[in-house]
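Subject: Structure handover

Hello,

Here is the structure for your files. My notes on it follow below.

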Amino acid sequence: MSQSHIDVRYVAKLARLELTDDEVATFQPQLEAILGHVEALSKLDVSGIDPTAHAGAVFGKMRDDVPHESLTQAAMLQNAPDQAQGQIRVPKVVTDA
Amino acid sequence: MTISKLRQQLVAGETTPAAILNNLAGEISARDGQTGAYLSYNLEAALAEAANADLSLPLGGIPIAIKDNINVLGQPCTCGSKFLENFISPYDATVIRKLRAAGAIPFGRMNQDEFAMGSSTENSALQITRNPHDPARIPGGSSGGSAAAVADFTAIASLGSDTGGSIRQPASHCGVVGLKPSYGRVSRYGLVAFASSLDQIGPLTQTVEDAALILQAIAGGDPLDSTCLDAPVPDYLSGLNDGVKGLKLGIPKEYFGEGIDPGVRKNVEAAIQALAAQGAEIVPISLPHTEHAVATYYVIAPAEASSNLSRFDGIRYGHRAANPSDILDLYQKSREQGFGPEVKRRIILGTYVLSSGYYDAYYTRAQKVRTLIRRDFETAFAQVDAILSPVAPSPARKIGGSSNDPLHEYLSDIFTLAANLAGIPGISIPCGTTDFDGGKNLPVGLQILAPHLGEAKLLRIAKAAEIKS
């Protein structure tokens, strides 16, 4: 593991989060303290140990393939911040080259 | 008033569902202005359901308050976040459908830490919730509104969610019963996901019997949640009074070390002695990886949260930033404006531990330590029927006491989050009060942990502890 260093602004960008300078200044030492605590895990011997992704996992559970009622278009659109003609409207995604 | 007593009165015709609801609305008006447990409630909608309540059902006519991250058709579901401040649920969660099938009436939306991230409810972006036992103090969290309302008698019972202690810890701080079922016992369909390998829905109630009544109604398989188990749901009520004679109860030495408030220790030890006096055998045990639980949890839970919360992008629902320059700007600004600081911290932390170059060192390693923590419990449960411990190292702290030190706050989750990592059920029941940090008579909780799907025995032990403490 690294020495608990984290480039907060870079990681926030990966997470699609814009941060203010104040937030970066606040989060930096807090996150380094948390990662410093997490460093203790690196001292444990975990060779040959399988990872646990889910406690008491159920694998490959399928429900019967039968049609059932799902949410209506109106229900799906009721919380949309912007909509037109029964669709969700977003800013232009494809730009001219 | 408990569910079981109200049910007797309803069946005897001494009260009506509408009278119960109107009475609750009066209590809310009288006291919740100070406590702040309710984010909203819709009395008219509840009264309409009450008019058709089937009193022959196990929860017939009983209002249940709902944490604001569980969807109820037509009602708000803010998750304590500005991002979802105006969101109206388009569907019912499975637990709501099941509560209604048992005759209950969902009533009230309970405050919580934003997206269930926190142990104090101070991370709600919408309002402060105060502990009914001392308004200067936190109710605990993240299901702080659900716990405070039951303690304040503004709710008969409530549902919360528990990812690392978010039902048990506020129950402990507010002096009520809080049950986190086994992973897979209760459907999460319609619960806004925080950390999917850890989240469970459970009840907060006045009594152990009431917790059993609600669990009976909400447990069981669900085709809409592939992690939900089809295992038969036992009768949680029939053996409730069977006592603890002959049961082996483990006391993990790692849960009674330094850092526990003396008043908490004294009350928990007294509760253990009371169970011993009823014929339980007290067995010293060890859960050797306990000290690594916090680090393990605060890798895994933020990792899963960073993935789950990527759905909040400002496109389909929730907050959308005004005048974005392009689609990327829309995502980034909507999330910046919509999320509070704790949610941002955890998203960044989770994104970091999942990022290229750090994934194995943090995330895979934490998953392996999770295996070690799970095995600790398997070894322990080969020796004992259940495990007893404090719920939290100290009683409720003052509001504003930990705002700039998230690591310190995380460390206080030490006794509750291992149960989520291991997928086992846990309950917090009141075990007396103590003075702490200038506060008088603050509630202390006893935690009981049982093997996976061992809720019947868990509730039976809790019932015995409840009588004697």
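Which residues does Ala386(B) touch, leaving aside those up to four places away in sequence? The model is a predicted one, and in it the contacts of Ala386(B) are Leu249(B), Ile448(B), Leu449(B), Ala450(B), Lys457(B), Leu458(B) and Ile461(B).

Ala386(B) also belongs to the largest nonpolar core, which has 156 residues. Val299(B), Ile348(B) and Ile448(B) stand with Ala386(B) as the residues that have the most contacts inside this core. The element that gives the most to the core is helix α9 of chain B, residues 293-308, with ten residues. There is also a second, separate core of five residues, among them Ala396(B), Ile399(B), Phe436(B) and Leu442(B).

On the contact between the chains: chain A puts in 47 residues and chain B 58 residues. On the side of chain A that touches chain B, two or more residues come from each of α1 (8-14), α2 (21-38) and α3 (73-77) of chain A. Of these, α2(A) supplies the largest share, eight residues. By residue class, that side of chain A holds 32 nonpolar, eight polar and seven charged residues.

One loop position is also on my list. Gly257(B) sits between β7 (248-252) and α8 (262-277) of chain B, in the loop that links them. Gly257(B) counts as exposed because it has 12 C-beta neighbours inside 10 Å, and a residue with 12 or fewer is classed that way. From Gly257(B) to Pro393(B) the C-alpha to C-alpha distance is 9.8 Å, while the two are 136 residues apart in sequence.

Regards

Technical notes: Residues numbered from 1 in each chain as written. Chains lettered and ligands numbered in written order. Predicted model: local features only at pLDDT ≥ 70, side-chain atom pairs only at ≥ 80, totals over all residues. Contact = placed C-beta atoms within 7 Å. Helix = DSSP H or I, 4+ residues; strand = E, 2+ residues; numbered from the N terminus. Nonpolar A, V, L, I, M, F, W, Y, C, P; charged D, E, K, R; others polar. Buried ≥ 20, exposed ≤ 12 C-beta atoms within 10 Å, placed from the backbone. Core = buried A, V, L, I, M, F, W, Y, C linked by C-beta atoms within 7 Å.
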